[in-house]
Amino acid sequence: MAAERILATFTVERIWCGIEVAQVQEVLHGQTLEPVPLAPRGVVGLLNLRGQVLAATDLRARMELPPRDDPGSLMVFIVQHARVFEALVVDAPGPVVTIPADSTLLAAPPTTPEAIAVLLRGVSEHSDGLLCEVSLQALFGVFDGQTG
Amino acid sequence: MNVDDELIAAFLEESEENLNQLDLDLVTLEANPSDPELLGRIFRTMHTIKGTCGFLAFSNLETLAHAGEDVLAALRDGRIALDGPLTTTLLRLVDDVRGVLATVAATGTEGNAEHTEMISELRGHLAKPDARSAQHQTETAGDRPPEKPTAPSGSHPSWEDTTLKVDLAVLDGLQELVGELTLARMRLGDHIDDDSPLSGAFRRLTVISRDLQDTVMRARLQPISTATDRLRRIVRDIAAAETKAVRIVVEGGDVTVDKAIIEVLRDPLVHLVRNAVDHGIELPAERIQVGKDPEATVTIRATLAGGGAQVEVSDDGRGVSVQDVVNRAVALGQVTATEASEMSESERIGLLFSAGVSTAAAVTTVSGRGVGMDAVRTAIEQVGGGVTVHSESGVGTTFRINVPLKLAILPAIAVDCRGVRLTVPQTDVVAIVRVPREDPDRRLASIGSARFLRYHGTLLPLVDLAAELELASAPTASAVTEIVVVSKLDRTYGLIVDGVGDDFDAVVKPLPRPLQGVAHYAGTTVLASGRPSLILETSAFAIAAARSAPTPPATADVGVGQEDSELVLTVEVADEHFALPAARIRRLAHITRDRVERSGGADVLQYHDSVLTVVHLRQALGRPASPGTGGNLAADDSLALVICRGDTHPDFAVSVDQIGDIHITAALQPATAHLAPVAQQVVVADAVTQVLDVDWLATGAATGRDA
């Protein structure tokens, strides 16, 4: 990691996660989703973002964590991956965090469940705790190369 | 219209284009004052206008154009140099010419104005002594620079060479005709059966009409530069009026989108650019004070992003004061102070798009209409796009517009399924049928678990949408069965839904990437309520329909709805035709021989959760073993099985040589004695058919009689 990086963070079941700020388009609160029958794993519904229809991926579901208590009002991060906007459902927003230039990205500890480890680029040690950096490629790359 | 009128109309149209190009070229020239190609083109444009004026006897305009041409010739030859004042004069000349053309359009004559002021202004520039011109004369030794071969004046050379100007109304007409063609094709398709000699030609017609539709949509694509070109002049004019120094940079102008979307982008882009220069960009002195380059930059950047096209309008000005925006929004009652304090930063700056909130002190008018940021957003959202704003105080502001590449509108019908509102393309829908629970006309029929609808003398396989979408089964039997009859891929089937809503025009949006692998969806749309809705891919359900009928159902031999008709399945054994009452059939199966096992002296099959006795019909009827096999079938040969309900006996399977079709026949006499395998003979599809006594077969299977 040559340069200093800035991450937008959020929590999912008390796991502190982060995504590079440059990839985050905006954050929506109190969002409701339309059901999607036959949804692939982790896709929990549709939302209308100023005329564009997005399919929301629930990070909880992809991490194979227990379902959330209140599925009604959701917090959604709109991110850009491979020139397409995607919607990511998380539990709660966190602070914007600066990762210093000299810090190293560590591998996730071996005790991390497989379902979570595959979604991470790595973890960083931070004064507020262990910050897990989410890989958008791992999250959304699974949808590439599909045919209808 | 007489010949004169036609000529004048053509002149006006061509001149309008030429003047627009002049605008663009003059502003570009300011940045590249010695570009010979530009200079040549500008001169030729004015020359053409002058020539046509003479031909049409517009002498005042001709004189004006001539004066302009003189100045441009001097520029082209390097005798004078282009500076700010000269550019301003030339641009005002273009405006004056436009004014005359407007008069011509309104009255057919050029009017009486003699343009003496402009002409003397132009001549004034010619008289200026200029050190550069002396040097240039030495260099070129008085000769004109050679004319380089360039593309004809009008537009960017590459676009011009391979394109044709087409009236938008003509394209719209073409699109409408394609729509009519689709409807006519559907109606024709109703009358063409699969085995008709016309079906091949009809399939070809379907492919061609779809290709035609795609091509017409593509004909409407234009580069975004068509919307961004005139922004250069606007930036120059406002900056000059406000004594600000602004340059404009355009990137990605060759990104192409549908013409309708270009039209929608024009006004918003003008508004955003004006806004940037008016309010975003500081006076040069102020900029120097904060350490910025006194010349500000407005950047228009078009790219492909988010599945569509993205146009960004950025400036490096003072940024948007979010607090001011919030204050104004609260003052206008758009939001309460408490609500505002709970919003995220991006939501707060997004208030800029609420009605009336634009922090412009005066309402900016575009094309004579009052336009605010809210109108900008609405216009863009109407075509399925969106706009956001990002700003950093002291650094600059970026407006980001996202639009789809194509405007696809699909006539559609809304359907409900377990509370989910889905969308079905109207072009695929043949009819909507409602069957009451009692079904007095016996329109619904079943063979085992497969259900059919009697429709115009045929049996349509029914597909339960809820089952296909893996939604919960119906809590209670509904009062009415709603069926949408769909025709797709030359298959017609009925889709059972919970309810049918209104028909509406759906703006088609692409399927979001995570759903692109789900075969059942073709795209998405947004309903009037703002809720997103999935558009069903009707061909996916056609395949499900094909599964429930082994072969396409045959035409009914007997009239639909008659009390004394019955469904039968025909099978073939030893070249003879047999029939089984459909009501006694659970399902049909093809398995490999090796799945049949021997137990208790009979052939048995493990099938799902049970063990079925297999009755070989050939043997049961005492027909000789099939020739060429010696009675022994190879392990991977396939067996055709009809799995039957035993009623008082267990279910069993009947193996036959071939499974035939489903037919409607006159009601069968119920068998009484059950002494023989064949109960009666009937004629089905012109063949003598022996109707099997299922109970006799069931008893045989149960008692393990050698079968």
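**Strands of chain A**

I started with a pair of facing residues: Gln80(A) stands opposite Phe85(A) in E7(A). Strand E7 (residues 84-90) of chain A and E6(A) pair antiparallel over seven bridges; two strands count as paired if DSSP finds at least two bridges between them. Helices (H or I, at least four residues) and strands (E, at least two) are DSSP runs, numbered from the N terminus.

I then looked at strand E3 (residues 24-31) of chain A, which is joined to E6(A) by five bridges, also running antiparallel. There Leu28(A) sits opposite Val76(A) in E6(A).

Is E6(A) enclosed or open? Seven of the eight residues of E6 (residues 74-81) of chain A are buried, so this strand is largely enclosed by the rest of the structure. Buried means under 20% relative accessible area, exposed over 50%, partly exposed in between (1.4 Å probe, protein chains only).

**Ground rules**

I noted that this is a predicted model: local features need pLDDT of at least 70, side-chain atom pairs count only at pLDDT 80 or more, and totals for chains, interfaces and linings use all residues. Residues are numbered from 1 along each chain as its sequence is written, chains are lettered from A and ligands numbered from 1 in the order in which they are written, and side-chain values use heavy atoms, leaving out hydrogens and water.

**Cores**

I looked up the largest nonpolar core, which has 58 residues; Phe10(A), Leu59(A) and Leu465(B) have the most contacts inside it. Such a core is a set of buried Ala, Val, Leu, Ile, Met, Phe, Trp, Tyr and Cys residues joined through side-chain atoms within 4.5 Å. Helix H19 (residues 538-548) of chain B gives the most to this core, with four residues. Apart from it lies another core of 48 residues, including Ile224(B) and Val383(B).

**Helix H9 of chain B**

I checked which residues of H9(B) are buried. They are Ser199(B), Phe202(B), Thr206(B), Ser209(B), Val216(B) and Met217(B). They cover an arc of only 100° around the axis, which puts them on the same side of H9(B); the arc is that of the directions from the helix axis to the C-beta atoms. The face turned away from the buried side of H9(B) carries the exposed Ala201(B), Arg204(B) and Arg218(B).

**Sheet in chain B**

I traced six strands forming an open sheet of mixed pairing, in the order E23-E27-E28-E26-E25-E24 (chain B). Strands E23 (585-592) and E24 (596-599) of chain B stand at the edges with a single partner strand each, so one side of each is left without a neighbour in the sheet.
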